[in-house]
Amino acid sequence: MAKDYGGSPKAHQLESKRRRLTWILGVSGLCVLFYIMGAWQNTAGPPKARVGVKTREDCENSAANKNNNNLTASTSPLTSPTELDFESHHQIEISDSSATNKDFPPCEMAYSEYTPCQHPPRGRKFDRDMLKYRERHCPTKEELLFCMIPAPPKYKTPFKWPESRDYAWYDNIPHKELSIEKAVQHWIQVEGERFRFPGGGTMFPRGADAYIDDIGKLIPLTDGSIRTAIDTGCGVASWGAYLLKRNILAMSFAPRDTHEAQVQFALERGVPAMIGVMGSQRLPYPARAFDMAHCSRCLIPWFQYDGLYLIEVDRVLRPGGYWILSGPPINWKRYWKGWERSKQDLKQEQDAIEDVAKRLCWKKVAEKNDLSIWQKPMNHFECVQNRKVYKTPHMCKSDNPDASWYKNMETCITPLPNVNGPDEVAGGAIEKWPERAVAVPPRIASGSIQGITVEKFNEDNEAWKGRLSHYKQIINPLAQGRYRNVMDMNAYLGGFAAALIKYPVWVMNVVPAGSDRDTLGAIYERGFIGTYQDWCEAFSTYPRTYDLIHAAGVLSIYQDRCDITMILLEMDRILRPEGTVIIRDTVDVLVKVQGITNRMRWTSQIMDHESGPFNPEKILVAVKTYWTAQGQELPKQN
């Protein structure tokens, strides 16, 4: 009997293979057909009702209740794309300590202004030396609150920008202390139901605008070379508020202290600000971040601790950046009696500051009237040689000058990147604003951020054009001034902020602390501001301070590290009533997240990715409904 070889198959074997192949192709074709039909039904079907604010609880005006339907339609920031239903198909386990169907209760009114990591009663347990008690001290696991922070009973939607720069509702921040304590300095005034911010300050009695004009006569403020600034001890951030019309974006910070709610006032005005303090730890910003730093009677002891605080300012200043000082001890010959200090004491303080500045290789640009200005060198080409004259402070040996999350300050100079000559800008020159926003940041051009190339930077910019176009279709008020304070919880390269530059908003760009790709320095090089943050902890801000929160992949990053319920409750704490959240993540994560947010008085939809239904990443858009505490006065927190 002849053997059958592979080269001459029998006829019945060929027929069997044909039938099997036909069956496989037929089943595959049906699968593709049914998938496309299902996707078409989810994207092209009749739209469902809009998701918006359904009720406004505790409203005293009965007319507001009568017109509730109109309120729902007019205040909802969402359009009406069909909500995708994945509930029965996608279930995963992620860290959620509150796995229950019960709604989260409101916290007691005493927590209306709760700042978890700057809680005064907890802070008082820590050392007062170097203001350590005012640094971040977050609650233990046992101290976490599984409740929602209430707004004051008569909370109102804040004024829109630019009106908000000058006005805020008293009922939103019911504190008159600053209007009394700083009455002569014109920080803030009470006018009926609202606060007015005249723009005054301790060292600018003619107003912040005139004060900034005085600075502009000494250094260039309007040619685009100065874009990012930091204000240490900012008060109600009038300096930062009036810089905005000059296209300068200031990060203002102040501690939570006896000047009640000063950072809260700043954010209510629509001005960038954080709770922070010059204490024992580095500021949560990368090296070479700011073009300008400012202190107007900020009461920071610059000359103490071997010049530690000026050394930290030097770390965060860009090459060629300016440091501006007004108030004690500047112009002490004129003010020494009013400051109730001796001439000798004030002269010694100024001499000590001058000495530290020289040791840092700073050049004094000007001292005129109440202002003194120094400039950081463009590079350390000569400064390294000066260590032969000035033995201290020495050059730091650390290999990561950007590391600043819970890292102690050091009494050493953060070295600038090497240069080939005395005229070269260390780390690379940057474009002037606004070209700076889209130009390739020097840190990316030089390849100093692992895994980030020029091509990826350009791709990200292009991707954000499509994303923003998609967002404008699903969020009505993006171009209507509804949003002012925006947070990007995982900012990557700052593409969201760059896409928003033509809108009346500012963006707090957050890079997760300990990220494999530290991109915050590149974000600053683009002319935007931001901070490091571990989202397993609370952010350094007051409740109800952001209008729009964007979170791309954040919950996937942290789902195995901490309880995502606490992250969502933190987002609720810092989000204003009727504020919007956009979460981009996998379907599995978003389904779980929606189950939690449904118990937080949020209304939400899961929508397709901007590229279409076949992308596994989806978008959850949620709105925090309006609700307030009922009939309780806000207690004073000491």
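Cysteine 138 is partly exposed, with a relative accessible area of 23%. Here buried means under 20% relative accessible area, exposed over 50%, and partly exposed in between, using a 1.4 Å probe and protein chains only. This is a predicted model, in which local features need pLDDT of at least 70, side-chain atom pairs count only at pLDDT 80 or more, and totals for chains, interfaces and linings use all residues. Residues are numbered from 1 along each chain as its sequence is written, and side-chain values use heavy atoms, leaving out hydrogens and water.

A disulfide joins cysteine 138 to cysteine 117, with an S to S distance of 2.0 Å; the term stands for a pair of cysteine sulfur atoms within 2.5 Å. The torsion about this S-S bond is about 110°, so the link is right-handed. Helices (H or I, at least four residues) and strands (E, at least two) are DSSP runs, numbered from the N terminus. Cysteine 117 counts as buried, at 1% relative accessibility.

How many disulfides does the rule give? The count comes to six. With the bonded cysteines of the protein chain numbered in sequence order, the pairing reads 1-4, 2-3, 5-6, 7-8, 9-10, 11-12.

One of these links is between cysteine 107 and cysteine 147, whose sulfur atoms are 2.0 Å apart. The pair connects distant parts of the chain, 40 residues apart: cysteine 107 is in the loop between α3 (68-75) and α4 (120-123), and cysteine 147 in the loop between α4 and β1 (167-169). Cysteine 107 is buried at 8% relative accessible area, and cysteine 147 is buried at 15%.

Further along, cysteine 396 and cysteine 412 form a disulfide. This link is right-handed, with 100° about the S-S bond. Cysteine 396 is buried at 7% relative accessibility, as is cysteine 412 at 5%.

## An open sheet

Let us turn to the strands. Seven of them form an open sheet with mixed pairing, in the order β13-β12-β11-β14-β15-β17-β16; two strands pair if DSSP finds at least two bridges between them. Its edge strands, β13 (529-533) and β16 (602-607), each pair on one side only. From one strand to the next, the twist averages 20°.

Within the sheet, β11 (residues 485-488) and β14 (residues 546-552) run parallel and are joined by three bridges. Methionine 487 has isoleucine 549 in β14 as its bridge partner.

## Helices beside the strands

Helix α19 (residues 587-597) lies across β15 (575-586), β16 and β17 (617-624), at about 155° to β15. Axes are lines fitted to C-alpha atoms, for helices over the stretch in contact, and angles run from 0 to 180 degrees between N-to-C directions. Contact means heavy atoms within 4.5 Å.

Among the buried residues of α14 are Phe457, Trp464, Leu468, Tyr471 and Ile474. The helix's buried residues pack against α13 (442-445), α15 (495-499), β14, β15, β16 and β17.

## A buried tryptophan

Is tryptophan 187 buried or exposed? Tryptophan 187 is buried, with a relative accessible area of 9%, and belongs to the loop between α5 (177-181) and β2 (189-191). Its C-alpha atom is 10.0 Å from that of glutamine 262, a residue 75 positions away along the chain.
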